[in-house]
Amino acid sequence: DVHLVRLVNVALLPVPLALAYITLRRLFPASVLMRTWPLAIMATTPQFTLVFSYVTNDSPAIAASTFAIYALVRAYQSNFTGRDTVLLGFALGIVALHKFTGFMVFPVTTLTIVWSLRQTPRQLVRVGITISLIVLAVSLWWYVRMIIVYGDPFGIATTQAAVDASGGAPVPFRD
């Protein structure tokens, strides 16, 4: 089982790279250099490659967050049309199914939407409601399950209890 999951993580490596490339292509349509250099830096960062080489929940969270950033750029450039708003809601719903640290995408998305639609409050409300409903439709079941199984929607208390039961987190040596 571990080998299969590791293979899935390794297979996920090109996903954020491809999504980053098409995001950069949208941001810098006239400059091949501005699309290639950030991607090269991303692909050759040792920690990025390491995360995709072993079994962890970081790799799908990175892929989902990169998908959300792509969807945000796409929606922003189209002034949050219906299709792109739905895609963004779906992408954020996938992020919500992953690691809690992936939630860093949500404030960036919210600020971008509010800033870009500040002149049209009706569209701002429509986009906000649409995205919220899609995120809830995609991910709410997971949080309900967490409450039913663990009594904690984010698993923070359960994780802390597991760490405490194992003797606590390792403390680094101090000079």
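This report walks through some loops, a surface patch and the aromatic rings of a predicted model.

Start with the backbone. Most residues other than glycine have a negative phi. Asn-79 has a positive one, near 60°, and is not a glycine. Phe-80 is not a glycine either, and its phi is positive at about 55°. Where do Asn-79 and Phe-80 sit? Asn-79 is in the loop between α5 (58–77) and α6 (82–96). Phe-80 is in the loop between α5 and α6.

Is Phe-80 buried or exposed? Its relative accessibility is 0%, under the 20% cut-off, so Phe-80 counts as buried. Asn-79 has 41% relative accessibility, so it counts as partly exposed.

**A glycine between two helices**

Gly-155 lies in the loop between α8 (121–150) and α9 (156–165). Its relative accessibility is 6%, so Gly-155 is buried. Lys-99 is 56 residues away from Gly-155 along the chain, yet their C-alpha atoms are separated by 10 Å.

**A nonpolar patch**

Nonpolar side chains make a surface patch of about 860 Å². Its members include Val-125, Ile-129, Leu-133, Leu-136 and Tyr-150. Val-125 belongs to helix α8. With a relative accessible area of 48%, Val-125 is partly exposed.

**Aromatic rings**

How many aromatic pairs are there? The count comes to five. The rings of Phe-103 and Phe-106 have centres 5.3 Å apart and planes at 65°, so this pair is edge-to-face. The planes of Tyr-143 and Phe-154 also stand at 65°, with ring centres 5.6 Å apart, so that pair is edge-to-face. This second pair links distant parts of the chain. Tyr-143 is in helix α8, while Phe-154 is in the loop between α8 and α9, eleven residues apart.

Phe-103, Phe-106, Tyr-143 and Phe-154 form one aromatic cluster. The table shows how accessible each member is.

| Residue | Relative accessible area | Class |
|---|---|---|
| Phe-103 | 21% | partly exposed |
| Phe-106 | 22% | partly exposed |
| Tyr-143 | 14% | buried |
| Phe-154 | 40% | partly exposed |

Why is Tyr-143 classed as buried? Its relative accessible area is 14%, and buried means under 20%, so Tyr-143 is buried.

**A charge over a ring**

Arg-118 lies over the face of Trp-115. The distance from the ring centre is 3.8 Å.

Key: Residues are numbered from 1 along each chain as its sequence is written. This is a predicted model: local features need pLDDT of at least 70, side-chain atom pairs count only at pLDDT 80 or more; totals for chains, interfaces and linings use all residues. Side-chain values use heavy atoms; hydrogens and water are left out. Helices (H or I, at least four residues) and strands (E, at least two) are DSSP runs, numbered from the N terminus. Buried means under 20% relative accessible area, exposed over 50%, partly exposed in between (1.4 Å probe, protein chains only). Patches are made of residues with over 30% relative accessible area and no salt bridge: like charges are joined within 9 Å, nonpolar side chains (Val, Leu, Ile, Met, Phe, Trp, Tyr) within 5 Å. Accessible areas come from the Shrake-Rupley method with a 1.4 Å probe; for residues, only the protein chains shown count as cover. A salt bridge is a side-chain nitrogen of Lys or Arg within 4 Å of a carboxyl oxygen of Asp or Glu. Rings of Phe, Tyr and Trp (its six-membered ring) pair if their centres lie within 6.5 Å; planes under 30 degrees apart count as stacked, over 60 as edge-to-face and the rest as tilted. A charge sits over a ring if NZ of Lys or CZ of Arg is within 6 Å of the ring centre and within 35 degrees of the ring normal.
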